[in-house]
Amino acid sequence: STRVRSSAASDVYKRQKKVLVIGAGPAGLEAAIGAAKCGHSVTVYDKDCWAGGKYRLASVPPCKGELGAFIVWQMHELKKLNVPVILNTEVTKELVDSVKPDVVIAATGTNPVVPKMIPGYDKDIVVLGTDVLSGKANTGHNVVVIGGGHAGAETANHIASYMKNVTIVELQEDIAMDEVDTPRNALLADLKKNEVRVCASTSVQEIKDHSVVVSGKYNEEIKCDTVVISIGHKPNTVLADELKAAGYDVRVIGDAVSVGLVGPAVRAGYLEGRRI
C-alpha cells in the first residue's frame, strides 16, 4: 500500500503545473481553487489592494454589502489550499517571464467604456463610476450620472445616499432595464426615496466646466459639480493577447471573454482550473 501511495504521489507531481492567475475577481479566484484542488502550484496576482475586482465594487451601493461574503469565502478556500494571492502587483510580460508558468489564466476583467464622442468627456469634472465606488474619486454636491443601466443606477443611488443631488441621464426609455424585476423594483424605490432625478430617452450633447447639455425628452443644461460616466464595460485582453503572441498557454475567462453575470463566470473559472 505504501508503494501504491508513493506511486500516486509521484504521478501527481509529474502532472503538476505552475499556474499563474491574473486577476483576483470571482472568476480568477475560482479558477485558482479548481487548479489547486487538482494538485497544481498556483499563484494569483492582482493590481488592486483588495480581492474581488468589480464584483467587490458591486457590494458598495446600499443593500448590496452581503455580496462581499462570497469573495471572503473564496479567499478562505485559497488560504486552506496554500495558494498565495499577491495584491498591489500589476502583472506584465516581464513578471510572467520571471515566473515562467506552464499555464496563465487571464481573468483580467474589463475596462470602462468612455464616450469620447461627447465633447468635454475629458474635463476635470468627469470621473468613472468604478472610481467613485472604489473611493478613488470623490464627487461634488450636484452630480450627473451618464448611463442608467443597472450599474449606473446603483452608482447614482450610492452617491445620493450621501445626501447629494443626483441626476441620471439615460438614452433608453427607462433605467435599470438590464436588472430583473424584484431587485429593480427595490432599486427604483430607493432612487425615488433619495430623490434621484431620471432623464430617460435623453442623450448628452456636451459636457461643460460646470454643466451638462442634454437633448431628447429633456432639452436643457443641467448644472453640476461632477459628471460620472457609467455606460458599460468592454473585455480587457491586451495582456492576454501579448502573452499568447509570446507563446504562453493562456486561458482567458470571465468578463475578459464576454461581459456577463458572475455565476457563469465563476463556473467557467472553476472548470478551466480543473481542465489544466
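**Core composition and helix packing in the predicted model**

Buried residues account for 45% of the 276 residues in the chain. The structure is a predicted model, and its secondary structure comprises ten helices and 15 strands. The C-alpha trace spans about 80 × 40 × 25 Å along its principal axes. Of the contacts between residues at least 6 apart in sequence, 68% join residues at least 24 apart.

In soluble globular proteins, nonpolar side chains tend to be buried together. In the present chain, the largest nonpolar core contains 23 residues. Within this core, the residues with the most contacts are Val19, Val21, Leu29, Val42, Val44 and Ile105. Two or more residues are contributed by each of strand E1 (18-22), helix H2 (26-37), strand E2 (41-45), helix H4 (68-80) and strand E4 (103-106). The largest share, seven residues, is supplied by H2. A second, separate core consists of 17 residues, including Ala156, Ala160, Val166 and Ala176.

The surroundings of Val19 were examined individually. When neighbours within four places in sequence are left aside, this valine is in contact with His40, Ser41, Val42, Thr43, Val103, Ile105 and Ile276. Two of these partners, Val42 and Ile105, are themselves listed with Val19 among the residues with the most contacts inside the largest core.

Helix H2 also packs against helix H10 (residues 262-275), with the two axes 7 Å apart and at an angle of about 30 degrees. Because angles under 35 degrees count as roughly parallel, H2 is classed as roughly parallel to H10. The crossing of H2 past H10 is right-handed.

The crossing of H7 past H8 is left-handed. Ala153, Glu154, Ala156 and Asn157 of H7 meet Leu187, Asp190 and Leu191 of H8. The contact of H7 with H8 is made up of four nonpolar, one polar and two charged residues. Ala156, which takes part in this contact, is also a member of the second core.

Note on methods:
Residues are numbered from 1 along each chain as its sequence is written. This is a predicted model: local features need pLDDT of at least 70, side-chain atom pairs count only at pLDDT 80 or more; totals for chains, interfaces and linings use all residues. Side-chain values use heavy atoms; hydrogens and water are left out. A nonpolar core is a set of buried Ala, Val, Leu, Ile, Met, Phe, Trp, Tyr and Cys residues joined through side-chain atoms within 4.5 Å. Buried means under 20% relative accessible area, exposed over 50%, partly exposed in between (1.4 Å probe, protein chains only). Helices (H or I, at least four residues) and strands (E, at least two) are DSSP runs, numbered from the N terminus. Contact means heavy atoms within 4.5 Å. Axes are lines fitted to C-alpha atoms, for helices over the stretch in contact, and angles run from 0 to 180 degrees between N-to-C directions. Angles under 35 degrees count as roughly parallel, over 145 as roughly antiparallel, 65 to 115 as roughly perpendicular and the rest as oblique. A crossing is left-handed if the near helix is turned anticlockwise from the far one by less than a right angle, and right-handed if clockwise. Ala, Val, Leu, Ile, Met, Phe, Trp, Tyr, Cys and Pro count as nonpolar, Asp, Glu, Lys and Arg as charged, and the others, Gly among them, as polar.
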